[in-house]
Amino acid sequence: MGRKHHDVAFLSEPLASDTVENQDAKSKKKQKRKHEHHEVEPSPVPEPGIAVESNNDKKKKKKKKQKHTADEGDENINGSSDASKNTQVKKENGGAEVPNNGSVELQCVSEGVFMSGKDVNDLKFKALEKFSDSGLPDKVLECCKSFAKPSPIQSHSWPFLLNGRDFIGIAATGSGKTLAFGIPAIMHILSKRKGKKPKNPICLVLSPTRELAQQISDVIRDAGKPTGIGSVCVYGGTSKGPQISALKSGVDIVIGTPGRLKDLIEMGICQLKEVSFVVLDEADRMLDMGFEPEVRSILSQTCSVRQMVMFSATWPPPVHQLAQEFMDPHPVKVVIGSEDLSANHDVMQIVEVLEDRARDERLQNLLEKYHKTRKNRVLVFVLYKKEASRVESMLQRRGWKAVSISGDKAQHARTEALAQFKDGSCPLLIATDVAARGLDIPDVEVVINYSFPLTTEDYVHRIGRTGRAGKKGVAHTFFTKENKGLAGELINVLKEANQIVPSELLKFGTHVKKKESKLYGAHFREIDPSAAKSTKIKFDNSDDED
């Protein structure tokens, strides 16, 4: 960490401001201040390998830095010193890069698509334009017949995954991620199995929620049926009996949540020693929910020689750290859109600032507007389990046909409610964040955030339930003064997606929390946006040292 921080300063600040750590520090800092005072522009950043004209230890330190920078530049595929500079600038801006030993920095390969990794420019990894370009058997591609062409994440991931590369995919929900890893997983199993009946699974897919695990299982089951590949979905909240029976009978793929899977491993029922293809889907959400110990324990049970695949909607530091520990040092990383927090641009976001007590009546008005036919799918998100039941009862009393899913409901009740919503028999669903990640519910026209979530990441994933597969959607959000700590982040999300930022939201300020203590929360001072800006005072001839 210290080295990274030091490199950032080297590229972003004038040469005269570099710290000199020797016995003459005091006098040199005075000379430095005088130099800065008379300097109009910062000195240009030196090219790697060129010595900087300086004195004594300063010269030696800079030579060491330049040598390190030059080494990184030499390791780049294109050999460009600019790529090395871009790496450092990316670190300064807070972007978390993939381990870059021998790899190229994130580069734009087409509109909205960025790639990094070793040999990513090799022609054999060229993105697919048609499914047939993959050269896969017709039986394997049978599940893709209903699609005109591969989605961006599919067209860029398949060439790498089919060649056995470790892969990181950063893409929004609803972008076709399941088949992006599902088809390569099937080909991996076929090459390993060679017609033999499986005893232990070869492929493992981890998911943060039961609903997402079940959805992945449905897609994988249909995709694997023509080739005879079997799978089982394991998750809590339901009987272990059928899951144990399926595992004992032999399956190729295990899809599951970390908690239940760890239980089955400890019971000796689920053996992962032959697993050589591992997928972490919604990796950021998995760690958010506190599953990191379980994930690490499960990964340690798999084959040491394995192909690792990680899909995530965002790329926070904990996910980056997990990738560094369990993946090849040179993984391929493909970013569709942005690795930073950004919303689906096909969703029109409407944010309404209102009083807490006004939400019930306002929800009624919005349903009369958006759910007038009572046939289109509308998804209402709430924050707490009890709130889901209360809003469901309130809407039912007002004559609306509604169902809800939350952690308080038994798994069979959640599954039934979700099925009613999907088949249209009850197209109004109230849900907590258990349904916010990864669920592919077709044709959700409107998402209403009755309660704003605890994080802006959850907000982005909530509204990602609409506007899927290229369709347009609407997300209407209630924002109260209790949520003001997230106003700055929400404003950034709205601006990034070119959405209207209401003036009432701006009144809460645009501050974004940078760090939080697990014990004491965020430490920052609320600053009114209309407050006068501070004035910087310089003491050119001060003898005080920092």
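Figure 1. Proline 152 is partly exposed, with a relative accessible area of 43%; here buried means under 20% relative accessible area, exposed over 50%, and partly exposed in between (1.4 Å probe, protein chains only). This is a predicted model, in which local features need pLDDT of at least 70 and side-chain atom pairs count only at pLDDT 80 or more, whereas totals for chains, interfaces and linings use all residues. Residues are numbered from 1 along each chain as its sequence is written, and side-chain values use heavy atoms, with hydrogens and water left out. Proline 152 belongs to helix α6 (residues 152-161); helices (H or I, at least four residues) and strands (E, at least two) are DSSP runs, numbered from the N terminus. The C-alpha atoms of proline 152 and leucine 128 are separated by 8.9 Å, although these residues are 24 residues apart along the chain.

**Figure 2. The annotated span, residues 129-155.** An unreviewed UniProt entry assigns the short sequence motif "Q motif" to residues 129-155. The feature "domain: DEAD-box RNA helicase Q", also from an unreviewed UniProt entry, is placed at residues 129-155. UniProt positions are given in the numbering used here, feature names are shortened, and annotations may be inferred rather than shown by experiment. In the model, the end C-alpha atoms of this span lie 7 Å apart, and the span is 30% helix and 0% strand.

Figure 3. A search of the whole structure finds 0 disulfides, a disulfide being a pair of cysteine sulfur atoms within 2.5 Å. For cysteine 143, the nearest cysteine sulfur is that of cysteine 144, 3.9 Å away. Cysteine 143 is partly exposed, at a relative accessible area of 21%, while cysteine 233 counts as buried at 11%.

**Figure 4. Nonpolar cores.** A nonpolar core is a set of buried Ala, Val, Leu, Ile, Met, Phe, Trp, Tyr and Cys residues joined through side-chain atoms within 4.5 Å. The largest such core has 42 residues, of which Trp158, Phe167, Phe181, Val205, Ile253 and Val309 touch the most other members. Helix α7 (residues 177-193) gives the most to this core, with 7 residues. A second, separate core of 35 residues includes Ile170, Val251, Leu287 and Leu322. Leaving aside residues up to four places away in sequence, valine 309 touches Leu161, Phe167, Phe181, Phe277, Val278, Val279, Leu280 and Met327, where contact means heavy atoms within 4.5 Å.

Figure 5. The structure holds 8 aromatic pairs. Rings of Phe, Tyr and Trp (its six-membered ring) pair if their centres lie within 6.5 Å; planes under 30 degrees apart count as stacked, over 60 as edge-to-face and the rest as tilted. The rings of phenylalanine 479 and phenylalanine 508 have centres 5.8 Å apart and planes at 50 degrees, so this pair is tilted. Phenylalanine 479 lies in strand β15 (residues 473-479) and phenylalanine 508 in the loop between α19 (503-506) and β16 (516-517), so the pair ties together parts that are 29 residues apart in sequence. Phenylalanine 479 is buried, with a relative accessible area of 0%. One aromatic cluster is formed by Phe452, Tyr459, Phe479 and Phe508.
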